[in-house]
Amino acid sequence: MKPSVAEIWTWLDEVPDPEIPVISVVDLGIVRHVAWDGDTLEVAVTPTYSGCPATRIISLDIETALHDRGIGDVHIETRISPPWTTDWLSEKGRAKLMDYGIAPPRAAGGPECCPRCKSTNVTRISQFGSTPCKAQWRCADCLEPFDYFKCI
Amino acid sequence: MSDDALFEFLCRMGDNTLVLGHRVSEWCGHAPVLEEDIALANTALDLIGQTQMWLGLAGEIEGKGRSADDLAMRRDVWDFRNILLVEQPNGDFGQTMMRQFLFDLWHLEMLKALSGSSHDRVAAIAAKSVKEVQYHVERSGDTVIGLGDGTSESHRRMQAALDLLWPYVGEMFVPDHIDAQMSEAGIAPDPGELRATYDARLAEVMTEATLTIPDSGFAHKGGKSGMRHSEHLGHMLTQMQWLQRAYPDATW
């Protein structure tokens, strides 16, 4: 018997993002569509940044996870439209990012507070950071630099 | 509109991002401070990612089985369709950032217009890329202002960079028969229509940067038509394509 699509979503929610392993690929909002087409499982994945080297690994990880659950026939489609937006990050994912030390994205264009000491006295170091999805910020109170998951 | 013209247009978009992406990546490990190194590497990465989409689609439209990698690595100078600006050498950090800003400002307006393209896949690539390019132009614009309105030495270098690169700006806005076919089909804007917005924003940033835009309309041309690239592109390709030239079809 084929597993239900709802069950597959819960499995995918256990596949970690390779760069930020505290959140899943579902938290990240890049899994856009899961459906059976006969005996083939169709999965649509939307890349975060067009040059992000993690994208290929993510597709491979999804395929491996589904194979491990006994689904042999998986077709992964890379879907670029509509483009990925940080609005698709789950609430659960946002909270996990904060706990991990990465300030979650905000429409205001900067972090709400320092993920370590929660001070709101923060300044931007650079629009770019250690991965395409992050910017570098600094807390003016605890003086620690931190990553901000930038809004796109 | 012929598929040949669309292929040509897509190569222009993809070759611009490819050549500039490679140029910017030359800074990796060499930028003046770590944050700048990271910013440049990220910019290069975005541009290479966009290249994969543009040249991937170009290969599909051409229909001869060429992939994005084939187009990037198995063509020589005369087949490249990038504008002359992006193949110019990096120079110092200020010159690199000036080149980046002059390109980013055009790139942003071009992608905004292409987001409304009549060609669905062109529109999708543009809508994806425009989000990344907004960060590029913010970064390069801030840096041009910071260095232009900085010390007397940084100001002198930024003015020299603007004077050097200014003759390469015009090519972005000069339409030809490919552009005419694209705009007629609603695929891409007439490049000349982007100039007013470009000039207005450029003037704002250069005023804030205390830099003077040269009083000359002269434009070097021949990059996007492929007729006359500058000598720099061939040298760059010897580096970028070295592996595929030495070991054709090599894989990891």
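Guide: What follows starts at the interface and then moves to salt bridges and rings elsewhere.

This is a predicted model, in which local features need pLDDT of at least 70, side-chain atom pairs count only at pLDDT 80 or more, and totals for chains, interfaces and linings use all residues. Residues are numbered from 1 along each chain as its sequence is written, chains are lettered from A and ligands numbered from 1 in the order in which they are written, and side-chain values use heavy atoms, with hydrogens and water left out.

Start with the interface. Chain B brings 22 residues to the contact and chain A brings 25. Contact here means heavy atoms within 4.5 Å. The two chains bury about 2000 Å² between them, 60% of it on carbon and sulfur atoms. Buried area is the accessible area (1.4 Å probe) that two parts lose on being put together, summed over both. On the chain B side, Lys128(B), Lys131(B) and Tyr135(B) lose the most area to chain A. Together they make up 34% of what that side buries.

A salt bridge is a side-chain nitrogen of Lys or Arg within 4 Å of a carboxyl oxygen of Asp or Glu. Asp142(B) forms one with Arg124(A), with the closest N and O atoms 3.6 Å apart.

Which elements of chain B touch chain A? Helices α2 (34-62) and α6 (120-148) each supply at least two residues of that side. Helices (H or I, at least four residues) and strands (E, at least two) are DSSP runs, numbered from the N terminus.

Ser50(A) shows the contact from the chain A side. It sits in the loop between β2 (40-45) and α2 (54-68) of chain A. Residues up to four places away in sequence aside, Ser50(A) touches Asp46(B), Gly49(B), Gln50(B), Gln52(B), Met53(B), Lys128(B) and Glu132(B). Ser50(A) is buried, at 12% relative accessible area. Buried means under 20% relative accessible area, exposed over 50%, partly exposed in between (1.4 Å probe, protein chains only).

Thr51(B) lies in helix α2 of chain B. Thr51(B) is buried too, at 5%. Beyond four places in sequence, Thr51(B) is in contact with Gly14(B), Thr17(B), Leu18(B) and Gly56(B).

Next, look within chain A. Lys92(A) and Asp27(A) meet in a salt bridge, 2.9 Å from N to O. Lys92(A) is in helix α3 (residues 91-100), and Asp27(A) is in the loop between α1 (5-12) and β1 (31-37), 65 residues apart. Lys92(A) is partly exposed at 38%, whereas Asp27(A) is buried at 2%.

Finish with the rings. The whole structure holds 7 aromatic pairs over all chains. Rings of Phe, Tyr and Trp (its six-membered ring) pair if their centres lie within 6.5 Å; planes under 30 degrees apart count as stacked, over 60 as edge-to-face and the rest as tilted. Trp137(A) and Tyr148(A) have ring centres 5.9 Å apart and planes at 70 degrees, so this pair is edge-to-face. Both residues are buried.
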